[in-house]
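Have a look at the structure first, then read the points with it open.

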Amino acid sequence: MNRLYTSLEPRVIDDGMLKLAVGEQRPQEEAGKLAKQEGILFKDVLSLQLDFRNILRIDNLWQFENLKKLQLNNNIIEKIEGLENLTHLVWLDLSFNNIETIEGLDTLVNLEDLSLFNNCISNIDSLDALIKLQVLSLGNNQIDNMMNIIYLRRFRCLRTLSLSGNPISEVEDYKMFICAYLPDLVYLDFRRIDDHTKEVAEAKHHYSIEELKHRENLMQAQMEEEQARREELEKHKTAFVEHLNGSFLFDSMYAEDSEGNKLSSLPGVSELLESLTYRDKFVIICVNIFEYGLKHQEKRKTELDTFSECVHEAIQENQEQGKRKIAKFEEKHLMSLSAIREEVEMPNIEKMILECSTDISELFDALMTLEMQLVEQLEETINMFERNIVHLVGLFIKNVQSLYPFCDDLLCTMAQCRDLENHHHEKLLEISISTLEKAVKGNLDKDLSEDVRGLFVDKNTIVNAVGASHDIHLLKIDNREDELVTRINSWCTRLVDKIRRDEIMRNRKRVKEISLYIDHMKSELDNLEYSDILD
Amino acid sequence: MEVLREKVEEEEEAEREDAAERAERARTEKMMRQVEVRKEETTLTQEMLRDLEKKLSEIRIPVSVEVPAFTKDTIDISMLPVSYKTNTSKEEQLLQLADNFSRQYSHLCPDRVPLFLHPLNECEVPKFVSTTLRPTLMPYPELYNWDSCAQFVSDFLTMVPLPDPLKPPLHLYSSSTVLKYQKGNCFDFSTLLCSMLIGSGYDAYCVNGYGSQDLCHMDLTREVCPLTVKPKETIKREEKVLPKKYTIRPPRDLCSRFEQEQEMKRQQEIRAQEEKRLKEEEERLMEAEKANPDALHGLRVHSWVLVLSGKREVPENFFIDPFTARSYSTQDEHFLGIESLWNHKNYWINMQDCWNCCKDLIFDLGDPVRWEYMLLGTDKPELFLTEDDSGINNEDDVENLHSWVEQIEISPEAFETRCPNGKKVIQYKRAKLEKWAPYLNHNGLVSRLTTYEDLECTNILEIKEWYRNREDMLELRHINKTTALKTDYFKPGHPRALRVHSYKSMQPEMDRVIEFYETARVDGLIKREETPRTMTEYYRGRSDFLSYRHVDFGPRVKKLTLSSAESNPRPVVKITERFFRNPAKPAEEDVAERVFLVAEERIQLRYHCREDHITASKREFLRRSEVDSEGNKIIVTPDMCITFEVEPMEHTKKLLYQYETLMHLKKEEKLSRRQVWESELEVLEILKLLKEEEEVHTLTISIYDTKRNEKSKEYREAMERMMHEEHLRQVETQLDYLAPFLVQLPPGEKLTRWQAVRLKDECLSDFKQRLINKANLIQARFEKETQELQKKQQWYQENQVTLTPEDEDLYLSYCSQAMFRIRILEQRLNRHKELAPLKYLALEEKLHKDPRLGELLKMFT
């Protein structure tokens, strides 16, 4: 409790207070008069001073969208709130308040200078979003744990820190500790840290810092690795062949297949599973599909790149032409305008104005023709691109699905997966039947578990079990295939849609721009007419 | 009979031997006599020479000789080494071989000219031409390549025409002599050049052949000066970009194909006519330029250098004319035929027909049908393989082909001076090139090219002057006489970062263009163009992104006082400024162009165009009567600003925004006007600086140039002087302290012990006296100072009341100085007192050790 709220009653930020505050800081003299005349919109305000107003609660600040600097010092604020919308804030002063915890600052990513001097804060945290933080003032608070300093290591831009007046500043090692753990810091408690101190501090805390650094580096490396893996997966996803570069599909086939797992314990089955004939082949197919998918992705990408490049070039060229036309027109227009201004005789003026307006409409025609031409050209190109991309996608799907492999000696279609599964199923059935026969004869292996034995009661059961396992496997394969096909198709349609939409947007924008310009020209001419008439 | 025959045979043999012996003796005698002749040259050679000269003058066809002929009587042969004056036995052998070869050749080809195999050298000794070549690698890196090498030879030597233009010369002097006198005929030139080229690794040969008149007389008046030929602009072949898959189709062309074709045809016709006209014109000119045909065409003997491909990455064979240092292709029509060629190892005769100049010659020296070689085994490698065995036999011949010429040496001074007396003039077709050695001209001029309009060289078209080592870094001055435009080119390093300055007069406010090295300037100015009423500046790399500023000036307001441009700048009518795109700002806030119409009080702004837009925002401020007379009160009204915005924004509509922008612009306008004024001032300053530089034209001297660099010379001399003084001092320290005492004794006698002791005592007492004297002297001075000070103090105390403050100051300063002096004297005295006994002991010690006294004294002690 810094201040007792005795003298004045606590207040809340309301419209009146804000208007008053904004009004107080408006420019002086002539400009001030103008500002008063017109009024100032809250969203145009860049800095706001609300100090010494006994404010208890921050509120009603959401209108100040573009605020860069906010001063709320010397109030009786107890909680940081209501600042979520002020994302452009660079400077925030909350000193001399009654704040106990740091909070509500998660959206202020541009904040560089934060002052929480003379509050009741006991712990530094919730500042993670403030990556640009340079100056942090936390003096005269209740911070008593040295570990808070280590938290501050994440702020790479932090150069100035003040922590004096906290319990930790009483610790004898305080300064050294901070200098050692925050080596980029330049000013501590309003004093420059000299190089000598830095060296001494580093020497003192050398080992612990090294350890800390090592840990941080490990963490960093881990995160990077994770990131890389995610990116890789993302890349595979865009190629629609994620998780096909290994035995993932095969494993997932057996993941939910209890019968299959049971059956795999049969003698001969495990060999069947592990041998090159089934599992490996399956994996090879998957990997081939995966590689084929990546290759196709590359193809689609180059297709898209050339397309966008060409479109971009065309648009640029068109814009250049338009600009040239406008520049030419403007040159002429300026000359004729000045000629009109100097002309005295009315009929001549009228004639010239008429000429000018025809010029303007000619320009309009020319620009619109250019635009329409471009629209036509682009339409054609987009159609062509759509045809090509749809064809590419179709080819990919067909090849992945088809019964006939696109290259003879490679195993790379889903159909082949199915074939393989069918083959495996047959073999499994064979083994099961033979095992059943053995069971019927009573000479079943002793080491088979009870579950498995349960299957070999009669032929139906075993066939059903094997069949169920087979069905599950096939289902998995089908699902994967379906997923691939639907996703690639939807990607294709979305892409084409987006291209068309963009083109339409562009066209509308351009037309709007042209008409705006022409309107302006016309109105300028009209104004000239009026003024001439008035004269 | 048998015996008889044998006897006869024996006799014959003896006779033969005798004859051989006699011949041998005769030859050696002759040689001896020759050597003797050399020794008594003063009398004999003169006569011989006169004879020779007479004979030569009889033979000589009168040629227009401007340069005094390089004859033997100008050469001092007394200093030449023995190898110049005699032949070794190997050389004799070689000469015999050559003679034999020559005889066979003339027998086989009787209709051909005798070979140029062993001309006489400066000492009248026949020498085989291959041995006259002395392959030498020059220590100058500039002479490593053939072009600079040839240029050096052509610059360094003065050309002397052949005594008989139809025959090879009788003499071929060594390159060292030629270099010494800096004169020579074509054979001397090519021998020197060939030696240097072979030395630096080229496969080069001296050629004896026939050349055109221009070539033989080093007449370049029909040649276009290589410096005037503009390098042909390499036409960049536009790479046809393959139309990409999605390139948009061009809009349909609605023009008539037929009309286009007709138009094209018409154009072509016009062009053809034009071309025809030009061609005719050219032909006419050519006709005028063509010289009257040469009566001796194809007979004029010339010598040049052939460089074969293969070594030093030479891609194909070419000729170098040593006179002009120009390279020609082997097909060039100036070269009319080849008799023979040689390098330092072998000699080849051309067996090919030269009816078509040298165009059909094949330079495969390994082909014995085309090229008859003289020495075996030194052939081109391709032949070496086939005739391996025969090659080995003659190997020692090859090995021992040593040159008799001394190492070719060019002193650094001569190398720098290059041309004889450091000056050379070459006349080209419609051009004259003058060359000077660096530092010869006071203004650093090293070469001047004057181009003329006509063939007679009377109307000067333009002058180009190259400078070197100028302190103001002026490199080239180009004066166009027709337009009177001067263009100066500067190297980096001018104090004002000037690069190019083109002007007609040095008066300010005239047409001029100054270009700068913008990286050396703080303001990033690239170019400033001036006309009497405008100034345009181009910038690059500025933090405010300014790229262009154009100023229109009005007529100067007349002032009563004498006004210079500095005190009375011209009124600015209009300033146009353009800016590059500032990527940090959005396009609609980034000004692309702003125009201050100062006279009309208007400001026009044009903003940059956004990436995907074709129109740009514009804003125009009219500042009509908004400033009150007393202050900056401006009444802003909505009609003061005409705005067009591509995307209308809310805040820009406000008056406040407009007002602020306007105020900002007003400030900027003031700043721009100030910058304009500064630019004008800078131009004045530059002009002043240039004028000063023109008058002073100091030349820079490299710190490594020990000969010219006065400063370093002084420094070096000072060092030497210091060394000398040091040396003197050392001598002085060894000064004999006993000398004055020894003089008293009779000289040359050995000292007796008694004498020695006396000597020592005298010496010591003398030294003691000196020490005491010195102490007394110091003491006396000390006392004197003290007394004076006391006097002064007394005087001060007496007159203290009446003193002026200045006097008091004077007194005080005197006191402090006197005190200082006294203190020093005191210190000196103390020091002397301390050191005196030590010095005395030291002398005693020294005397003890003195070799003259030491022994005697030792015995005594």
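The points below go through some spots in chain A and then some in chain B.

1. Before anything else, keep in mind that this is a predicted model.

2. A:Asp194, A:Asp195, A:Glu199, A:Glu202 and A:Glu210 together form a negative surface patch. Helix 5 of chain A, residues 195–204, supplies the largest share of that patch, with 3 residues.

3. A:Asp195 is a member of the negative patch and sits in helix 5 of chain A. A:Asp195 counts as exposed because its relative accessibility is 54%, and the cut-off for exposed is over 50%.

4. Next, take a look at an annotated stretch. An unreviewed UniProt entry lists residues 209–236 of chain A as "coiled-coil region". In the model, that span is 100% helix and 0% strand, and its end C-alpha atoms are 40 Å apart.

5. Over to chain B, for a patch of another kind. B:Tyr715, B:Met719 and B:Met722 make a nonpolar surface patch of about 350 Å². B:Tyr715 belongs to helix 16 of chain B, which runs over residues 710–733. With 55% relative accessibility, B:Tyr715 counts as exposed.

6. Last stop: B:Arg831, in helix 19 (residues 805–849) of chain B. B:Arg831 is exposed too, because its relative accessibility is 55%.

How values were computed
Residues are numbered from 1 along each chain as its sequence is written. Chains are lettered from A and ligands numbered from 1 in the order in which they are written. This is a predicted model: local features need pLDDT of at least 70, side-chain atom pairs count only at pLDDT 80 or more; totals for chains, interfaces and linings use all residues. Side-chain values use heavy atoms; hydrogens and water are left out. Patches are made of residues with over 30% relative accessible area and no salt bridge: like charges are joined within 9 Å, nonpolar side chains (Val, Leu, Ile, Met, Phe, Trp, Tyr) within 5 Å. Accessible areas come from the Shrake-Rupley method with a 1.4 Å probe; for residues, only the protein chains shown count as cover. A salt bridge is a side-chain nitrogen of Lys or Arg within 4 Å of a carboxyl oxygen of Asp or Glu. Lys and Arg count as positive and Asp and Glu as negative; His and the chain ends are not counted. The place of a charge is taken as NZ of Lys, CZ of Arg, CG of Asp or CD of Glu. Helices (H or I, at least four residues) and strands (E, at least two) are DSSP runs, numbered from the N terminus. Buried means under 20% relative accessible area, exposed over 50%, partly exposed in between (1.4 Å probe, protein chains only). UniProt positions are given in the numbering used here, feature names are shortened, and annotations may be inferred rather than shown by experiment.
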